[in-house]
Amino acid sequence: MHSVALAAARLLSRVAALFLLAMMMLNVVDVGLRTGFNAPIFGTYEIVELLLAAVAFLAIPEVFLRDGHITIELIDQILPPGAIVWLRLVGTLAAMIFVALLAWHMLGSARDFIAFDDVTVDLQIPLIWKAALALAGVAVSVLAVLAIFLRDLRRALGRDA
Amino acid sequence: MTPQEIGALGILALVVLTFLRVPLGAAMGLVGLVGYAAIDGWESAFFVFGDTPYAMSRYALSVLPLFILMGSVASRSGMSRELFAAANAIFAGRRGALPMATIGACAGFSAISGSSLATAATFTRIAVPEMRRHGYDERLATGAVAAGGTLGILIPPSVIMVIYALAAEESVPALFAAGLIPGILLALLFVLVVWAVTRIRPDWAPAGPRMRPRERLRAAAAMWKLALLFTLAVGGIYAGWFSPTEAAGVASFAAIVVAAAAGQLRFSDFLAALGETLRTTAMLMFILVGAWIFAYFVVQTRLPVALVALIDLLGLAPWAVIVIILIFYILLGCVLESVAIILVTVPVFLPIVTALGYDPVWYGILMVVVVEVGLITPPVGLNIFVIRAQLPDIPLGVIFRGIGPFLVANTILIAALLIFPELALWLPGLLLG
């Protein structure tokens with residue numbers, strides 16, 4: 001489970017890296033063409049928003065797998081280590097409920113984008129493209145949090161070294 | 001229950017969930033969802049919930065990953081080391097030259113990096129070993145890096161100001177301009193603190209070797225890379241060349257090209273900078289989505305309106321309200337990290353502050369300065385953890401004792417901003433009209 005989630009998360013992070021470079025280069029080329037030839041790229045604004053959906057959402061699963069999301073760990077100084085293991089489990093469970101609910105209701109909104117043929121104003125980019133990128137990040141996050149939950153559960157039950 | 005009571009209960013639930021180690025983004029999102037539903041029903045709550053992530057991938061946010069990338073590349077290249085050498089050229093020969101140079105280098109690095117943690121991490125690696133080698137006291141060495149690191153979010157570009165701008169619906173260029181003078185002032189105050197500490201405890205800081213004018217000039221000349229990047233990233237916005245996103249894109253590209261051309265950026269470092277940028281952006285986006293859902297809920301509760309009415313009833317003077325809010329922020333800084341503080345409190349406090357007649361840009365700068373204090377005070381002083389992670393042999397107590405004197409500088413700046421709001425507001429007025 002953990003290895004499947006890790007492989008999926010890494011794949012998404014690599015895709016996100018390409019989108020990040022594309023976002024940087026799009027701005028450079030746009031500024032260059034505008035300054036040099038007074039010919040900016042039409043609809044840069046909309047392409048950047050599409051790229052941002054990938055850059056910002058596709059690496060979320062990897063951040064989960066690296067325990068990189070901001071968590072307040074003050075309580076660790078008060079509680080014994082045995083209790084913290086269970087508390088981690090509660091935290092992960094809450095995170096899982098959040099991302100699962102989020103993925104489900106994002107799916108609902110995404111269906112609306114398809115049903116109403118929603119597109120951007122200038123380039124007529126279907127909104128479902130942007131939605132699909134963000135949704136992919138959140139959906140794989142569900143898998144990642146589930147993998148962490150199962151790992152933590154094994155630890156809590158003492159079945160893991 | 002009235003919406004205000006639901007709001008108060010929601011804030012309490014958020015505190016409980018965060019202390020139970022629920023990731024902050026998830027805690028804010030869940031409380032926001034349930035609270036919104038309690039006021040307006042599940043159907044509209046779920047609609048807002050499912051739509052928020054899409055609404056968050058908006059153009060204004062694209063500036064974040066690009067600025068983070070520039071700072072990440074600059075930190076991994078030799079630029080940060082050259083900057084430290086250049087700053088040292090200014091102070092060489094004085095007692096306390098290296099900690100002063102650390103502050104100077106942090107201020108310079110802040111002009112190309114928008115993160116306090118990245119600035120502290122970079123100069124922990126570069127400056128602390130150098131100060132230890134020259135026999136500086138560890139308290140002064142680590143205190144200078146921790147305090148200097150906080151300049152990262154005050155001197156533009158600044159990640160936290162972009163987030164504040166988004167939450168408060170204010171302009172990023174106005175906030176960047178407003179942070180510059182307070183940032184330079186704080187850097188000067190930090191240098192004064194180093195000077196005062198070395199006068200009181202000369203044994204903490206040995207007198208360093210002098211430098212010849214020619215050596216000083218050669219070291220200072222290496223700052224051209226920094227000057228170029230700052231001109232592109234920040235200067236370009238006010239010169240009217242670029243939007244903030246374009247500036248961040250061009251400057252991050254320039255950082256990669258300059259570092260690679262100078263042979264200071266290996267391919268593995270470039271990949272590491274990309275990975276770090278993506279993870280920081282994703283972490284920020286996760287927390288932003290949760291915070292946005294929470295903010296929708298706070299608006300529904302009309303809690304800020306009730307608080308403004310309460311302030312009227314109590315007949316509190318506006319400045320007294322601001323002081324109470326600042327004390328609250330300092331307490332909050334002890335338990336929450338900076339992005340979270342901004343995102344949780346802006347929906348509640350900003351309407352109060354503007355109702356009292358204060359400028360939201362000024363308030364943003366004041367918040368950033370107060371949040372900086374939280375970064376270097378126990379128990380959740382993230383800058384300190386960053387230093388400690390790289391230098392595990394230095395006890396936390398030593399670092400905290402070293403920071404004490406620098407907090408005087410932060411207090412002076414907060415007081416100065418309260419008395420003279422023009423410190424923050426003059427430059428944006430001049431540049432942006």
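**Close-up 1. Glu246(B) and Arg34(A) are joined through their side chains by a salt bridge, with 2.9 Å from N to O.** A salt bridge here is a side-chain nitrogen of Lys or Arg within 4 Å of a carboxyl oxygen of Asp or Glu, and across the interface of chain B and chain A the rule finds 1. The model is predicted, so that local features need pLDDT of at least 70 and side-chain atom pairs count only at pLDDT 80 or more, whereas totals for chains, interfaces and linings use all residues. Side-chain values use heavy atoms, with hydrogens and water left out, residues are numbered from 1 along each chain as its sequence is written, and chains are lettered from A in the order in which they are written.

**Close-up 2. The contact between the chains (heavy atoms within 4.5 Å) takes 55 residues from chain B and 57 residues from chain A.** Arg21(B), Tyr54(B) and Leu278(B) lose the most area to chain A on the chain B side, together 18% of what that side buries; buried area is the accessible area (1.4 Å probe) that two parts lose on being put together, summed over both. Between them, chain B and chain A bury about 4900 Å², of which 79% is on carbon and sulfur atoms.

**Close-up 3. The lining of the second largest pocket divides into 23 nonpolar residues, 2 polar and no charged.** Ala, Val, Leu, Ile, Met, Phe, Trp, Tyr, Cys and Pro count as nonpolar, Asp, Glu, Lys and Arg as charged, and the others, Gly among them, as polar.
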